[in-house]
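Visitor: I have a two-chain model open and want to go through its interfaces. Can you walk me through them?

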Amino acid sequence: MRFLHERLPNGLDVIAEVGDSALSTSVGFFVGTGSRDESDAVWGASHFLEHMVFKGTPDISGDEINRRFDAMGGGANAFTSEEDTVYYTSVLPERQDEAVDLLGRMMRPALRAADFDTEKLVILEEIRMYDDQPPFGADDRCRAAFFGGHPLARSVLGTVDSITALGVDAMRDYHRQRYAPGTMVLAASGAVDFPALVESARRVCGEWAPEAPSPRGMDHQPLAAVSRGLERVVRPTASLDYAVRMVAGPGERHEDRHPAQLLATLLGDSSGSRLYWNLVDTGEAEHAAFLHHDFLDAGLFVTQLSCEADDVEPLLARAADIFAAASAGDITTGEFQRAQNKLASRVVLAGERPLRRLFEVGLEWSHVRTYRSVADSLRIVESISRGDLDRVLHAWPLDAPAATVIAGSGGAA
Amino acid sequence: MKQTLHSATLDNGIVILGEHLPDLESVAVSFHAAVGAVHDPPGRCGLATLVGEMCLRGAGDRTSRGIVEDFESAGVQWSQGVSATHTSFSGAMVARHLPDVLPIYADLLRRPTLPADEFPAARQMVLQNLAALEDDPAHLVMAELRKIHCPAPWGMPTEGLSADVEAAGIDDVRQFVADRLQPRGMIVAVAGRIDWPDFVRRVDALLGDWPPGTAADVAGGPRGPRASHVVHDAQQTHVAVAWSAPPYRDEASREATAALAILGGGPSSRLFTEVRERRGLCYGVSASYQTSRDFGTAVCYSGTSADRAQQTLDVILAEIDRLPGTITADEIDRVKARVKSGLVMQQESSAARAGAIARQWYHLGRMRTLAEDLERFDRLTVASVESWLATTLPPGDLSVVSLGREPLEVPRAIPA
């Protein structure tokens with residue numbers, strides 16, 4: 001696989017990882033904006049804007065966009081997170097130009113008021129849908145409690161109130177500020193014709209004004225939860241309780257982030273991990289996981305647990321005991337090697353799928369302007385040592401003051 | 001694009017299928033035993049799922065932990081699943097590990113130890129999963145739709161019923177394994193960077209001397225139409241609609257697939273356009289073609305706020321009614337484009353191909369080449385879809401389910 005990069009005069013980066021045996025081409029625009037870049041006045045605007053991008057440009061209607069993507073055979077999709085908004089599609093190689101052309105034009109949407117009003121109803125339904133299903137908002141509540149006043153405290157979808165109050169002019173301003181070519185990356189992976197990709201980018205995106213991107217608020221992360229202790233979300237009809245607990249972990253620019261990933265696999269993967277054997281295999285928890293999430297300037301270790309209401313606090317305590325034992329140094333060589341094998345195998349298998357590579361390569365470039373091949377990622381995983389894990393456990397104590405939220409039928413409340 | 005498909009049948013009836021994908025580093029393997037939820041005995045709904053879990057709790061000389069550790073030491077991304085008709089064990093890995101991993105699968109299938117001391121935890125795990133599903137409204141509405149619309153026992157929940165699982169014992173598990181977990185009907189599929197003759201030799205050595213077994217097939221009961229409402233206290237109401245469609249092996253399944261894609265298969269589909277884009281009624285709305293070996297089903301789904309659910313259902317039913325006589329050539333072209341890219345992109349995933357060839361064998365008794373699949377969809381026309389619609393609409397057996405605080409009005413022709 002080869003990596004290629006070119007920067008347009010207006011600052012838009014065009015990158016590609018070309019795989020000679022790939023059968024498909026994945027392309028995407030990676031926009032460096034998300035909920036952390038919002039204020040109270042535009043809370044939820046990044047995600048709402050992601051929907052509005054599919055509602056058309058001055059020349060192309062929303063229906064036409066949908067028809068064109070379906071006619072290319074791949075369909076198109078998008079997602080918004082705290083830090084990124086990503087638009088992507090996978091097509092057969094002969095459709096590359098068509099796909100880049102349409103995605104590129106969409107980045108300058110019409111943002112028509114009538115479409116805005118209709119789509120607002122869809123966003124409100126999306127908020128209600130997630131609110132009706134596990135973990136019943138406990139994850140958003142927990143992140144808010146952990147981060148306090150930090151920009152990462154804000155939920156991606158916004159709230160019914162913030163979306164209802166949002167006006168189309170505020171969204172137009174937000175788009176102008178955040179979709180500058182310098183904050184965007186056009187990435188492609190798989191069977192990519194790179195000269196044609198750059199040519200399409202020049203044609204479609206070359207005229208975008210090279211406005212200085214508005215700077216991103218970067219705070220120091222809280223090293224312990226801002227709002228500590230336990231909060232409850234009451235859903236009287238819930239069958240199980242759903243707990244989320246967050247403590248500080250390394251962010252994505254920290255050297256500890258790779259060992260942190262291995263630690264999370266060892267302690268809390270969906271099978272074969274310590275939480276699995278101690279809480280799930282025994283039939284006590286429906287789900288128990290320990291994950292590492294990293295952001296530009298912050299990181300989290302997240303414990304997720306679902307089980308019967310009476311068991312939730314005892315099982316959280318058991319999880320804490322498991323973490324304490326690991327921190328005290330009882331990780332065996334065998335389980336360390338299995339976790340390492342597992343991560344290495346994931347890297348290799350994901351490397352075969354152009355769309356998976358698109359996300360890896362696009363987000364990495366968008367955040368830190370570096371490229372990591374599959375072989376590079378494999379080397380990183382294979383170079384992690386037992387000592388690295390001990391260092392992470394020492395530097396990011398899992399018994400640090402945490403934010404915990406439990407959603408369920410009420411428990412002791 | 002070159003494609004190499006292989007098949008072999010062992011003396012005991014086990015069918016081995018292979019696809020060589022030389023550009024991949026990986027290989028994916030899957031073992032599909034012809035035993036699933038439709039074989040659950042009366043009063044033991046969920047037994048097959050419980051058996052699938054128990055097979056992982058000891059096999060041959062391996063303990064529960066040993067099985068998982070052996071998989072993970074070889075870097076296998078493994079999974080186990082029970083469907084209506086099959087119990088499957090699968091895995092994807094870097095190709096060189098395959099020979100070391102095959103004996104683990106042979107142990108799981110032939111030598112599950114079914115230890116009594118592991119049974120309470122396994123049963124509790126299945127019960128926990130059932131409790132979690134009670135919190136998932138989209139799952140609940142589809143489960144109710146299958147229950148009222150599909151012929152028994154295909155409508156029964158694969159994951160089980162709590163009361164039945166609670167009543168099950170280790171003897172039920174052991175009896176079920178003895179009666180049903182057999183080579184008869186078993187399919188083994190492998191795809192990716194494979195050495196076909198070596199693979200067949202190894203599977204034959206591991207499974208070839210296993211007596212074929214005599215378990216009988218299950219007959220289906222009658223099906224829909226029915227209407228049903230499930231009371232669920234939440235902000236959104238969920239609606240699901242079904243009617244009969246031909247099974248996959250029937251040539252007309254191609255037209256059914258296309259018609260359902262046009263109705264609700266993507267962002268340019270009728271339902272997405274009319275329900276979501278035009279009216280903003282919901283976040284999720286879709287239609288799809290689903291198939292068992294002997295019957296197919298057309299399914300529509302949406303979830304929306306309670307006060308707009310009636311309108312959502314009315315628009316869905318109106319769009320179904322509007323299909324005949326209105327199919328356009330552009331819509332047919334979009335279906336063809338989607339099918340073509342889906343088929344080509346499947347070749348990038350060993351796991352997707354292993355699954356696809358196993359499914360084709362189950363439904364058709366043979367594999368289709370990529371060229372044959374593509375050519376089959378090239379024959380799709382406006383006229384062929386219209387002629388299928390003329391035979392199926394209006395549906396003779398429409399079923400409608402709602403789930404939410406209040407019931408919805410359904411067309412009076414449908415019995416509750």
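Guide: A definition to begin with: buried area is the accessible area, taken with a 1.4 Å probe, that two parts lose on being put together, summed over both. Note also that this is a predicted model.

Visitor: Fine. How is chain B divided?

Guide: Chain B has domain 1, residues 4-207, and domain 2, residues 227-404. Their C-alpha centres lie 28 Å apart.

Visitor: What area is buried between domain 1 and domain 2 of chain B?

Guide: About 2600 Å², with carbon and sulfur atoms giving 78% of that area. On the domain 1 side, B:Val141, B:Leu145 and B:His149 supply 21% of the area buried against domain 2 of chain B, more than any other three residues.

Visitor: And how many residues are in contact there?

Guide: 34 residues of domain 1 of chain B are in contact with 36 residues of domain 2 of chain B.

Visitor: How many salt bridges does the rule find across it?

Guide: One between domain 1 and domain 2 of chain B. As for polar contacts, the rule finds four residue pairs across that interface, both residues at pLDDT 80 or more.

Visitor: Which element gives the most to the domain 1 side?

Guide: H5(B), with nine residues on the side of domain 1 of chain B that touches domain 2 of chain B.

Visitor: Switch to chain A. Where are its domains?

Guide: Domain 1 of chain A covers 2-205 and domain 2 of chain A covers 229-408. Their C-alpha centres are 27 Å apart. The contact between them takes 42 residues from domain 1 and 34 residues from domain 2.

Visitor: What is the buried area between those two?

Guide: About 3200 Å² between domain 1 and domain 2 of chain A, 69% of it from carbon and sulfur atoms. A:Glu17, A:Phe136 and A:Phe146 lose the most area on the domain 1 side, together 19% of what that side buries.

Visitor: How many salt bridges between the domains of chain A?

Guide: The rule finds five across that interface. It also finds 13 residue pairs in polar contact there, both residues at pLDDT 80 or more.

Visitor: Which element gives the largest share of the domain 1 side in chain A?

Guide: H5(A), which contributes eight residues to the side of domain 1 of chain A that touches domain 2 of chain A.

Visitor: Now chain against chain. How many residues does the contact take from each?

Guide: It takes 60 residues from chain A and 60 residues from chain B. The two chains bury about 5100 Å² between them, with 52% of it on carbon and sulfur atoms.

Visitor: What about salt bridges and polar contacts between chain A and chain B?

Guide: The rule finds eight salt bridges across the interface of chain A and chain B. For polar contacts, it finds 32 residue pairs, both residues at pLDDT 80 or more. H4(A) gives the most to the side of chain A that touches chain B, with nine residues.

Visitor: What does the side chain of B:Arg308 meet in a salt bridge?

Guide: The side chain of A:Glu125, at 2.9 Å from N to O. B:Arg308 is among the buried residues of H11(B).

Visitor: What is the span of H11 in chain B?

Guide: H11(B), residues 306-322, has 17 residues and reaches 25 Å from its first C-alpha to its last, close to the 24 Å expected at 1.5 Å a residue.

Visitor: Which other residues of H11(B) are buried?

Guide: Among them are B:Ala309, B:Thr312, B:Leu313, B:Ile316 and B:Ile320. In general, an α-helix has 3.6 residues a turn, so residues three or four places apart point the same way.

Definitions and conventions: Residues numbered from 1 in each chain as written. Chains lettered and ligands numbered in written order. Predicted model: local features only at pLDDT ≥ 70, side-chain atom pairs only at ≥ 80, totals over all residues. Heavy atoms only, no water. Helix = DSSP H or I, 4+ residues; strand = E, 2+ residues; numbered from the N terminus. Expected span 1.5 Å × (residues − 1). Buried < 20%, exposed > 50% of the residue type's maximum accessible area, 1.4 Å probe, protein only. Domains from an automatic or database assignment. Contact = heavy atoms within 4.5 Å. Salt bridge = Lys/Arg side-chain N within 4 Å of Asp/Glu carboxyl O. Polar contact = N/O pair within 3.5 Å; in protein donor to acceptor, adjacent residues only side chain to side chain.
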